[in-house]
Amino acid sequence: MEILRILITGSVGVGKTTMIRTISDLEVVETEKKATDETASIKETTTVALDFGRLIFAPNQALHLYGTPGQARFDFMWEILFRRTEAVILLVDAHSPDSFPYSLQILEFIKNIKQVPMLIGVTHTDSPEAVSLNEIEKALGFTDNFSIPKIIPVNPNDKASVTEALLMLVEELMKTPLEE
Amino acid sequence: MLIRNIFSLLLGAFKRNSTSSENTKYLPPPTAENKSDAEEIITEDDQSSITIFPTNISPTNTSKKRTMINISMLQDVLQNFVTSTPDVQGVALVSPDGLSLASVLPTQMDEERTAAMSASILSLGERIGSELSRGGVERIVVEGEKGYGILVGCGSEAVLLVLASSTAKQGLLFLEIKRIATKITELLG
């Protein structure tokens, strides 16, 4: 069984845990705790260590999905989880421009450790205040066309949407020659 | 394998230098939205210099007020514990989502990261406890070459981390920790 490890990261409340819950075959291993800081104004619970889910993609292919906590105080978890993953989905919240610098921070963090296939998944695109994909690209510093990761809208609650995003990322992963 | 990585990172972080050595604790300041809802601002001017702003997040505002008023008492309890218990090098009281409530830690330790890591470890330990049918978690012990890191729950609202030297006698230490955890749980109401 070939296992592809995917990291799902992004700012607080963007939909990482939700996305993994939506798509996982197995019951997701979650580490949710009641939120007591500013997070509590957007949701009741928050991930404090990691989410783990699995999706059997093909008879011999499984995706292992690792979700990080969103808050900066857990950034040690990004490093731990990222070490063994082969591709990343960075979720960006279209209706929270305040979170863009934070998403940029995560991007920089990832770039500094290793280059991996990446997909930018934009959530909350149905919100009236949603920022366009183009503007998000600019905000994340992808101004020149060379090596811009693919960017698509994702609904973390919708299985079809999540599957589409994962498929796209796996395609990218298959294109990359193996580095060791 | 993941658990082992997390443990080793926790131990590594304990050696890291901290940017701030002050022992000041703040709850998040009022945002534009909840400022108008603020009932009152409680300022405690003791040696810990704690300024506390109530938010509208609490389950009931009265229990939140009680918790806030007790933070300086908690700080004292923790300080006494470190001073009077042999082999204990530091202690931190943390919310289950990784925010520091009160702490007495060696100056080179980063309070914020220590708090976050404690929450992470406890949540993973609890998952192990339930998924591997170990029952409720009494304590989590990280036993390093140079000392112990022990985590226990204090009711449902707080986690206590105790740092002890390697010369500590486990049995006695665990007993002391149990005692202080009970006291803290009472104070938290």
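I first looked up the contact between the two chains: 25 residues of chain A touch 25 residues of chain B, contact meaning heavy atoms within 4.5 Å. The model is predicted, so I note that local features need pLDDT of at least 70, side-chain atom pairs count only at pLDDT 80 or more, and totals for chains, interfaces and linings use all residues. Residues are numbered from 1 along each chain as its sequence is written, chains are lettered from A in the order in which they are written, and side-chain values use heavy atoms, without hydrogens and water.

I then took the area buried between chain A and chain B, about 2,200 Å², with 64% from carbon and sulfur atoms. Buried area is the accessible area (1.4 Å probe) that two parts lose on being put together, summed over both.

For charged pairs, I noted 4 salt bridges across the interface of chain A and chain B, each a side-chain nitrogen of Lys or Arg within 4 Å of a carboxyl oxygen of Asp or Glu. A:K33 pairs in this way with B:E126, the closest N and O atoms being 2.7 Å apart. On the side of chain A that touches chain B, β2 (32–34) and α2 (75–83) are the elements giving two or more residues. The largest share, 6 residues, comes from α2(A). Helices (H or I, at least four residues) and strands (E, at least two) are DSSP runs, numbered from the N terminus.

Lastly, I looked up A:I3, which lies in strand β1 (residues 2–10) of chain A. A:I3 is partly exposed, at 32% relative accessible area, that is, between buried (under 20%) and exposed (over 50%), with a 1.4 Å probe and protein chains only.
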